[in-house]
Structures are given as C-alpha cells and as structure tokens.
Amino acid sequence: MKKILVVDDSPTIRVNAKYLIKNIGYEVAEAENGEEALKILDNDDISLILLDIHMPVMNGMEMLKEMEGVEKYQDIPIFIISTDDAEERMAAAEKFGVKGWLYKPFKNKDIQTIMELYLED
C-alpha cells in the first residue's frame, strides 16, 4: 500500500490530513518538522509528501534543500500545504521540484485530486 508523508507542525492539520488520506485508502506517516520527515524518508517507502513551509527545527524549504540531489527522493511528488502565498517562495519551491501548492485550510477534494493524479496505478 502506498504511504503519504504529512509534514506539518500543526497537530490539527496532521490529524485532518491523516483521516482524509486513510479514508481514500492510503497509509500515512506524520512528522512535525523537516528533520523528523527526513528520518521517516530514510526508513520508509514514501509515495507522496504534503509539506508545510513554516515549522520549527527544520522548515519546509530547508527540508527541500536537504532532499535536493538525493536520488532516493527524486521521484517523490511533493505538494506544499501552507498559508504562505509569497510568489518568491513558491518559485523557489518549484526549483526543488514541488508539484503544487495547497492553501490552508485545504479542501478534502484537493487532496483527493492529488492522490488520484499522482498515485493511481
């Protein structure tokens, strides 16, 4: 079964995303910052990442920089989930291969559409 990694410092966002993703039929791994997420990526087979930008310890942009150039991570679709709509940050994230940007609070349909587009066999 494919596994989605939800990286966000908000427990509410993680719980909501986990509930939705499990109901769609995928497994979920959770991390509250980029450092935790990288540990999960090293140990689990992750199919897609939902990543917040603003987090303590290691933020989303720092995590993307750590992932850059690592072969194991290159084919994992990444979507930003954030309240931040700064165009320069969006452009910077796209340079790291981010596929899209969801604004919080995201809609269940948006998450479902991403799963259908990027994870259906």
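Q: Which residues are linked with Lys3 in a network of salt bridges?
A: In this predicted model, the side chains of Lys3 and Glu27 meet in a salt bridge, with 3.9 Å from N to O. The pair links distant parts of the chain, Lys3 being in strand β1 and Glu27 in strand β2, 24 residues apart. The network of salt bridges that holds Lys3 also includes Glu27 and Asp44.

Q: Is Lys3 buried or exposed?
A: The cut-off for a buried residue is under 20% relative accessible area. Glu27, at 34%, is partly exposed. Lys3 has a relative accessibility of 18%, so Lys3 counts as buried.

Q: Which residue forms a salt bridge with Asp8?
A: Asp8 lies in the loop between β1 and α1, and its partner lies in the loop between β5 and α5, so the pair ties together parts that are 96 residues apart in sequence. Both residues of the pair are buried. The closest N and O atoms are 2.7 Å apart, and the partner of Asp8 is Lys104.

Q: How far apart are the closest N and O atoms of Lys18 and Glu30?
A: Lys18 is in helix α1 and Glu30 is in strand β2, 12 residues apart. Lys18 is partly exposed, with a relative accessible area of 29%, and Glu30 is partly exposed at 30%. Their side chains form a salt bridge in which the closest N and O atoms are apart by 3.2 Å.

Q: Which residues touch the most other members of the largest nonpolar core?
A: This core has 26 residues. Elements that give two or more residues to the core include β1, α2, β3 and α3. Leaving aside neighbours within four places in sequence, Met63 is in contact with residues including Val7, Leu41, Ile49 and Leu51. The residues that touch the most other members are Leu5, Val7, Leu41, Ile49, Leu51 and Met63.

Q: Is Ser82 buried or exposed?
A: Ser82 is found in strand β4. Not counting residues up to four places away in sequence, Ser82 touches Asp52, Ile53, His54, Trp101, Leu102, Tyr103 and Lys104. Its relative accessibility is 0%, so Ser82 counts as buried.

Q: What is the phi of Val57 near?
A: Val57 is in the loop between β3 and α3, and at 61% relative accessibility Val57 counts as exposed. Most residues other than glycine have a negative phi. The phi of Val57 is positive, near 70°.

Q: How many residues in the lining of the largest pocket are nonpolar?
A: About 200 Å³ of space lies in this pocket. Of its 13 lining residues, the closest to the centre are Tyr73, Gln74, Ile78, Phe96 and Gly97. The lining has three charged residues and three polar ones, and its nonpolar residues number seven.

Note on methods:
Residues numbered from 1 in each chain as written. Predicted model: local features only at pLDDT ≥ 70, side-chain atom pairs only at ≥ 80, totals over all residues. Heavy atoms only, no water. 1 Å grid on protein atoms, 1.4 Å probe; cavity = no way out; pocket = protein on both sides within 12 Å on 5 of 7 lines; lining within 4 Å. Points joined across faces, edges and corners; volume = space filled by probe spheres on them. Nonpolar A, V, L, I, M, F, W, Y, C, P; charged D, E, K, R; others polar. Core = buried A, V, L, I, M, F, W, Y, C linked by side-chain atoms within 4.5 Å. Buried < 20%, exposed > 50% of the residue type's maximum accessible area, 1.4 Å probe, protein only. Helix = DSSP H or I, 4+ residues; strand = E, 2+ residues; numbered from the N terminus. Contact = heavy atoms within 4.5 Å. Salt bridge = Lys/Arg side-chain N within 4 Å of Asp/Glu carboxyl O.
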